[in-house]
Amino acid sequence: MSDSVFGRSQVERESALLTELTELTEHHRAHSVQYDRILASLGIEKGRRFDRLADLPWLPVRMFKTHDLKSIPDDEVFKVLTSSGTTGAGASRIYLDKEAAAVQPRMLGATLREVLGGKRLPMLMIDTISIIKNRRSFSARGAGVLGMANFGRAHVYALDENDQPDVEAVKGFLEKHGGEPFLIFGFTFMVWQYLYEVAKEHKLDLSNGILIHSGGWKKLIDIAVDNSEFRRRFAEDTGLTQIHNYYGMIEQIGTVFLEGPSGNSLYCPEFAEVIIRNPDTWEEQPVGEPGVIEVISTLPRSYPGHVLLTEDLGVVHGIDDGDWPGKRFSVLGRLPRAEARGCSDTFSGAVA
Amino acid sequence: MKRRFPAGPDTNVDDLLAGLASEPEGGRLKVGDERIVDFLVSFARKLLAPATARRYPELASLGFFLRRGEIAKVLRAVETNPGVLRFPRGMVFHVPPANVDTIFVYSWALSALAGNRNVVRISPRSAGAAEAVVEALNAALADAHPAVAQTQVMVTYDRDDKITAALSAACDLRVIWGGDRAVTEVRKMPLAPHSRDVTFPDRASFAAISVAGWEAATPEQRRDVAVGFYNDSYWFDQAACASPRALFWVGDEKGAEAGREEFRRLLIDVVAQKELVVEPAMAVQKRVSAYGVAADGHATSIRFDGNAVATLELTSPGEVPREWLGVGTFPLATLPSLDALVSLVERKDQTLSVFGFSQQELEDLAHDLAGRGIDRIVPFGSALTFSERWDGYDLLAEFTRLVTVQA
């Protein structure tokens, strides 16, 4: 596809990204006094050139929970995204202006087009309709479902309003659409629990499906299902082989790192990049060495989230040697949470 | 609820209170009761046993605090004049914090020494050293007077307002550790009219080095200063109320600059020698905090020496952060003199660890502060050493009542 975001080799994308991100760093300095103060305190002068992507200054992603960081004036704020994440301490607040709000679904679409093609496919949602119906308890999960719904049509939900598997609905969907390509979306553990288990039991044929899923492996690792096992059993028991896990976070909304067709590696779209850092020296790790994941994206323009250190661990498996060009990597889990002893049970502002 | 000490079957609050109300064997406890003193001394010996002390150095400090000689000193300090008699308050309910494993033992031990019947609520989240303490207490009970088991109880229960309310209503004194939130929570439960609270809310502490004192010190002394500062800061992850949250250099600017640089290098050496490892998640936490201080405009520069030592140059001393910034994160500022400290101290401030000042200088500072903040000024290395005078309280006095008699 001519407009693929998975076309460029590592060298090509790095030089393009370096120029854009250097400009973006200056942009955020000019428009966010807080961001500028942070860089100044680290001794990074304005107008600094960077030789490599790894030299760009990063912010810990949790800064968006403790501070309102934005590079737009208050009257241009169009949308504020919030998410509590998994640390359970405060929510990230991500400020978007009109332009940013328009760019992020477009780039998400461009990324997913690589595996979905240009047409909207019939879509099976592995979630409950009430997750988007019930606005009062609107959650990050609901926002994810709603955001992804745009990429499909003729949506059917696999769970009823009481969170019970709706086997008849799934069967009906497959009768109607199962003979042509269709899209399946859900969070990883729900896909396992409510699609795999149900499909296996009822011998459903998912061989024309394209599964997009995300959300972490913790609950599945507990029952000894990792990514390879997930793919193997889906293929064996349901015929589903087009499976794409993705990695992304609300702090870089619109940017997802997508699993390639042969599985077990995530790839960066051209407007994004990952760097794995050594947790002691914070230098970039060589290929094969695990470390803390830094995510880079050119999308965040309304808030300084273009270079973020996550609290996830990962490893780069190779460069320009997989399904698509660029780095391929895996997420290995989360950094164990930092906790301190102290006289006080709560540290105001500290663990936010 | 779980009965942790004396170890036994689960109990309920009515049975527990009924048990405490009955007269103990050998009569009611007195201030400095021998039955309690003997028990504390034998408990201390168990804490000082090499295996325990090696595993939990903070328990060794507790063990030292409870030696017979130390106990005698504490008791002597509250001796009264003729015609003034000191008695226990009665039943004391202790609500300790979850995060510091041992602090509840100090307040309980002093209250027991005062002759009170005590109920201590040990947090279900407590672990490690707290478990070792409970074990040692139960082990020491074997050869203790039966009155100990009849008057001293430690229990664990999940958040249950009914139990906390019943114990609050029944006690003559309530001791609340655990910071502002814990104090506010527990205070919702009414006390009997005659009863009252001793509270330990959130506190902040600082360290100060005299530039002149530093310049006069030998290389060995300077190294000791760094070691003392290390102990004060890195034990309890710099999160105890007495852990220094910032370091002030007091004296001339140029001397301070040289001193700070040397001190930073010494501290890095000490950290390396102690083989301290700061976990990656904590290292990230430190960056979140330090960047946050900079983002708020309170720091002009941040420096990381590995994951273990982070230093921040404060925009001005008045903007010193009081919140916890992560293990080994030190905002720095230079003050021309100790006077300059007076205006930035708040009620919340507890401990000032110091090096290089004279007793007179420090007493002058205390007079200038006039009790509006800073309850203790201690040498480097002693910030975390518990004392019966804490947070401005004379604890043994708090745990007792006075009766005057005139014929």
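Reader: How many helices and strands does chain B have?

Author: Chain B has 17 helices and 17 strands; helices (H or I, at least four residues) and strands (E, at least two) are DSSP runs, numbered from the N terminus. This is a predicted model, where local features need pLDDT of at least 70, side-chain atom pairs count only at pLDDT 80 or more, and totals for chains, interfaces and linings use all residues. Residues are numbered from 1 along each chain as its sequence is written, while chains are lettered from A and ligands numbered from 1 in the order in which they are written.

Reader: What does the radius of gyration say about chain B?

Author: It is taken over C-alpha atoms, and the globule rule is 2.2 Å times the number of residues to the power 0.38. For 407 residues a compact globule would come out near 22 Å, so the 23 Å of chain B agrees. Its C-alpha atoms fill a box of roughly 65 × 55 × 40 Å along the principal axes.

Reader: Which domains does the assignment give for chain B?

Author: Such bounds come from an automatic or database domain assignment. Here, domain 1 of chain B covers 2–200 + 391–404 and domain 2 covers 204–379. Their C-alpha centres lie 33 Å apart.

Reader: And how many residues does each chain bring to the contact?

Author: Two residues are in contact if their C-beta atoms, placed from the backbone, lie within 7 Å. Chain A contributes 32 residues and chain B 40 residues. On the side of chain A that touches chain B, H2(A) gives the most, with four residues.
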